[in-house]
Amino acid sequence: MSGDSADTLSVKVPEGAGSMNTHSSVFSAGDKTSDASDVVVSGSLFEANLAFVNADTGDILDVSPAYGSGRGQLLLATAEQGPVVGALLCSSVGDTVVTELSPQDSAAMGVDGQLIVVAEINAVYAPRAEGKTRALTTGFPAVTNDETGRPGMVLPPQQAPTKVKSSVRIEGNGDKVASTDNVIGNVLTVSWEGQVVRNTWDEMPSGFGAEGDEGQTGASFRAELTGYPVGSQVVIIEPTGDGTARVSVVDILAVL
């Protein structure tokens, strides 16, 4: 394999390649550290560039436009994401991993013939807010997390606030969110009456965009995330204009 960009990537498939089972190998390893947060584990949110190669001919079928640039697409390491993501478990930041998919797994991806997938692992992010727990200010709901990091809340028995306000519950130690950053995270939004409006914990982390992207992403709380460190959990109360409000608990996992 050679090339350091989407335009120059070339893969030479050895004669006799082809396996009945999906298997992976590390083509080139990143700088290993003792930091477990750099390793893809079940539940990890990670960033990778992918190239899909015809295992018979070596032809590049598809490749991430940013291949070789150090940025990539976000993936969630769960069984539901399929064999490509599953094959990247235990890989580390900086690794380039080559996976040969079995005929069955290749067919499941809608490909006639066998696939080879080349993956650059660029970053691994914590799947939940991590840091020092802070006391929420007066008037905010009581918020707790279960063992997986999923939040729950008990709303205060009082009138809904009439102004937007936010408070950090878990203070991360990452870079501070800038107004131009595309924020990636999980959110639980509940109406002041206690009805769930949105819960990405049941799906996968979502993109909240930069400030000004609220119309596209639906993340009306986006501006309130600016200035908080990545890794934080922020609680935001927003009036809805009809005498009530909604509360969002946001885990800031990454910025792009």
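**Contacts, bridges and cores**

Q: Leaving aside its neighbours within four places in sequence, which residues is threonine 244 in contact with?

A: Threonine 244 is in contact with Ala160, Trp192, Glu193 and Pro239, once its neighbours within four places in sequence are left aside. Contact here means heavy atoms within 4.5 Å.

Q: Before we go on, what kind of model is this, and how are residues numbered?

A: This is a predicted model, in which local features need pLDDT of at least 70 and side-chain atom pairs count only at pLDDT 80 or more, whereas totals for chains, interfaces and linings use all residues. Residues are numbered from 1 along each chain as its sequence is written, and side-chain values use heavy atoms, with hydrogens and water left out.

Q: Thank you. Where is threonine 244, and is it buried or exposed?

A: Threonine 244 is found in the loop between strand E14 (233-239) and strand E15 (245-255). Helices (H or I, at least four residues) and strands (E, at least two) are DSSP runs, numbered from the N terminus. With a relative accessible area of 15%, threonine 244 is buried. The cut-offs are under 20% for buried, over 50% for exposed, and in between for partly exposed (1.4 Å probe, protein chains only).

Q: Now salt bridges. How many are there?

A: The count comes to three salt bridges, each being a side-chain nitrogen of Lys or Arg within 4 Å of a carboxyl oxygen of Asp or Glu.

Q: Which residue forms a salt bridge with arginine 246?

A: That residue is glutamate 238, and the closest N and O atoms of the two are 3.4 Å apart. Glutamate 238 is buried, at 6% relative accessibility, whereas arginine 246 is partly exposed at 27%.

Q: Changing topic: how many residues does the largest nonpolar core have?

A: The largest nonpolar core has 17 residues, and Phe46, Leu50 and Ile121 have the most contacts inside it. Strand E2 (45-54), helix H1 and strand E6 (115-125) each supply at least two of its residues. E6 gives the most to this core, with five residues. Apart from this core lies another, of 14 residues, among them Val183, Phe208, Phe221 and Val250. A nonpolar core is a set of buried Ala, Val, Leu, Ile, Met, Phe, Trp, Tyr and Cys residues joined through side-chain atoms within 4.5 Å.

Q: What does phenylalanine 46 touch, not counting residues up to four places away in sequence?

A: Among the residues that phenylalanine 46 touches are Val40, Leu74, Leu76, Val85, Leu88, Ile121 and Val124.

Q: How many aromatic pairs does the structure hold?

A: The structure holds one aromatic pair. Phenylalanine 208 and phenylalanine 221 form it edge-to-face, with 5.1 Å centre to centre and 80 degrees between the planes. Phenylalanine 208 lies in strand E13 and phenylalanine 221 in the loop between helix H3 (214-217) and E14, so the pair ties together parts that are 13 residues apart in sequence. Phenylalanine 208 is buried at 0% relative accessibility, and phenylalanine 221 is buried at 3%. Rings of Phe, Tyr and Trp (its six-membered ring) pair if their centres lie within 6.5 Å; planes under 30 degrees apart count as stacked, over 60 as edge-to-face and the rest as tilted.

Q: Last one: where does cysteine 90 lie, and what is its phi?

A: Cysteine 90 lies in the loop between helix H1 (83-86) and strand E5 (96-100). Its phi is positive, about 80 degrees, although cysteine 90 is not a glycine. Most residues other than glycine have a negative phi. Cysteine 90 counts as exposed, at 65% relative accessibility.
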